[in-house]
Amino acid sequence: MSNGVHEIEDAKLLFVFGYNGADSHPIVARRIVRAKRKGAQIICVDPRRIETARIADLHIQLRNGSNLALVNSIAHVIIEEGLCDDKFIAEHSLGFDEFKELAAKYTPESVAEITQVSPEDIRRAARMYATSGQSMILYGMGVCQFAQAVNVVKGLANLAIMTGNFGRWGVGIGPVRGQNNVQGACDMGALPNSYPGYQNVTVPEIQAKFEKAWGVALSNKVGIPLTQVPHYVLHESEEKKIRAYYVFGEDPAQSDPDLAEVRESLSKIELVILQDIYMNRTGQYADVILPSTGWNEHDGVFSCCDRGFQRIRKVIEPPADADVLTDWEIISRISTAIGYPMKYDNTEQIWNEVIELCPGFYGATYEKLDKYVNIQWPCRSRDLSDKGTSFLHKDGHFANPDGKAKFSSIDWQPPTELENDEYPLILSTAREVGHYSVRTMSGNCRLLRNLEDEPGWVQMNPELCDELGVKHGELVKVLSKRGHCVARCLPTDRVKKQAVYMTYQWWIGACNELTIASLDPISNTPEYKYCACRVEKIADQAWAEKYVQDEYLNIRQSMGIELKKIGGRAA
């Protein structure tokens with residue numbers, strides 16, 4: 001994120017693209033509301049009429065999967081109407097002429113059929129964004145979870161560069177992360193191509209630095225992305241196969257696309273280790289389960305979505321009879337047992353090792369974290385006056401060797417799997433405010449389970465419900481080429497007739513039984529937001545209700561979850 005979350009409310013215009021803050025990040029959504037109260041204009045780009053659309057000055061209800069066509073068309077209008085910041089482009093960027101040639105093709109009229117957006121609305125959005133003087137883009141999984149995700153991110157960056165909306169307060173681009181501490185995982189090197197601090201594994205000088213610090217020989221080869229694990233289990237040659245899989249704080253058997261393939265790969269891996277705070281679906285395939293402490297039972301440092309480091313402190317001790325350790329203690333013991341002694345007394349020692357090896361984090365000491373609470377990287381000085389960096393690219397100086405931003409010239413491509421006669425609907429995954437991620441934590445809260453429990457809902461336009469003859473709350477079958485699941489019908493005019501939406505945390509209504517493992521070639525993120533499906537009415541609702549109850553009970557029993565009968569129901 002180029003700017004801080006706290007800057008959102010000071011923007012003059014918020015361009016909210018594929019991001020449903022009210023469900024995903026209610027605290028960030030409050031900043032959007034505050035910006036509106038301060039007079040900011042809001043453009044909401046989303047196929048659904050989400051909460052942000054209700055307060056937006058302009059809601060662009062585009063067709064699913066048409067993101068880049070719309071972004072390129074907005075750029076076309078900005079160029080055509082002379083709304084570019086020519087001085088910023090000339091002094092701080094490269095490649096504009098090539099991009100200008102590409103954008104010329106994307107007239108609002110030419111993309112109207114692709115986007116299902118009127119040319120008038122595209123022109124209005126372009127003018128609003130380019131002329132506010134202080135525009136900020138916020139985007140979420142509605143941008144990231146496509147096979148053309150990175151290209152859309154680059155397209156949004158084009159808009160910010162060409163209008164000079166970088167390098168100052170209340171502008172820029174904000175990817176609001178889809179998961180808790182995604183930023184922190186990346187910061188700490190949980191990526192196949194980098195060490196902590198985004199230091200590339202293929203650079204000899206960086207490799208040598210970490211080898212010296214850790215006293216080991218390291219590979220300069222880029223590793224395997226998470227979403228390619230099934231391929232390396234099921235389809236690679238014997239010498240390249242993955243034979244052991246260590247999973248912690250993750251549930252790929254619930255969260256990854258095409259779950260049939262994921263289950264097959266998990267069942268064929270020779271050793272699966274699960275490290276988590278509760279049992280989950282992946283645990284059903286685990287050979288070893290390592291129970292760890294929860295978020296309030298250990299210390300550490302957290303990275304916020306806007307590059308902000310914050311300390312977390314232990315609130316309570318784990319139950320006396322719980323045989324658990326912190327994640328870092330478990331990893332240290334395993335490392336020592338397999339031949340690499342790893343000894344720390346506390347998390348501050350680990351953090352000090354991190355910041356010594358990462359120039360961008362160097363100044364974010366525990367002393368400063370205690371003093372200021374939040375330190376945004378880069379923070380390169382130990383001087384107590386250095387509080388970190390709220391916004392990046394100050395004065396138009398970008399993080400490239402020549403200091404200039406690069407325009408990206410990429411054509412729109414349709415999603416991988418389009419609807420057809422057999423599967424006439426678009427399925428998109430979504431989120432809901434009542435449960436978090438795969439429900440590993442929130443699903444173990446009885447209050448939240450009582451508010452919302454299996455099998456979850458499928459959001460459908462009322463016209464589609466009428467055509468299928470299904471009513472609110474009735475169980476339906478949702479199918480794709482890869483599998484099927486059962487969910488309850490939720491009629492809502494917030495969605496278009498051509499698309500249905502499901503949340504991925506449910507075990508019975510597991511929409512990742514349906515999603516496609518088509519990956520963005522750069523980020524390796526799956527196309528969760530688009531695959532072809534159909535919805536079928538279940539005639540025997542009594543049978544369907546019993547199926548849901550029995551299946552839920554079977555899954556919980558297979559996971560070793562203790563069951564109690566409350567009023568005749570498993571709880």
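Trainee: How many salt bridges does the count between domain 1 and domain 3 give?

Mentor: A salt bridge is a side-chain nitrogen of Lys or Arg within 4 Å of a carboxyl oxygen of Asp or Glu. In this predicted model, where local features need pLDDT of at least 70, side-chain atom pairs count only at pLDDT 80 or more, and totals for chains, interfaces and linings use all residues, the count between domain 1 and domain 3 is 2 salt bridges. Residues are numbered from 1 along each chain as its sequence is written, and side-chain values use heavy atoms, with hydrogens and water left out. Glu 51 forms a salt bridge with Arg 494, and their closest N and O atoms are 2.6 Å apart.

Trainee: What area do domain 1 and domain 3 bury between them?

Mentor: The size of an interface is often given as the accessible area lost when the parts come together. Buried area is taken with a 1.4 Å probe and summed over both parts; domain 1 and domain 3 bury about 2,200 Å² between them, with 46% of it on carbon and sulfur atoms. In domain 1, the residues that lose the most area to domain 3 are Arg 48, Asn 64 and Gln 145, together 31% of what that side buries.

Trainee: Is Lys 496 buried or exposed?

Mentor: Buried means under 20% relative accessible area, exposed over 50%, and partly exposed in between, with a 1.4 Å probe and protein chains only. Lys 496 has 18% relative accessibility and therefore counts as buried. Lys 496 sits in the loop between strand 19 (483-491) and strand 20 (499-503), where strands (E, at least two residues) are DSSP runs numbered from the N terminus.

Trainee: Which residues is Lys 496 in contact with, leaving aside its neighbours within four places in sequence?

Mentor: With those neighbours left aside, Lys 496 is in contact with Pro 47, Gln 61, Leu 62, Arg 63, Gln 116 and Asn 461. A polar contact is a pair of N or O atoms within 3.5 Å; within protein, one must be able to donate a hydrogen and the other to accept it, and residues adjacent in sequence count only if both atoms are side-chain atoms. The side chains of Lys 496 and Gln 116 are joined by a polar contact of 3.2 Å.

How values were computed
Buried area is the accessible area (1.4 Å probe) that two parts lose on being put together, summed over both. Helices (H or I, at least four residues) and strands (E, at least two) are DSSP runs, numbered from the N terminus. Contact means heavy atoms within 4.5 Å.
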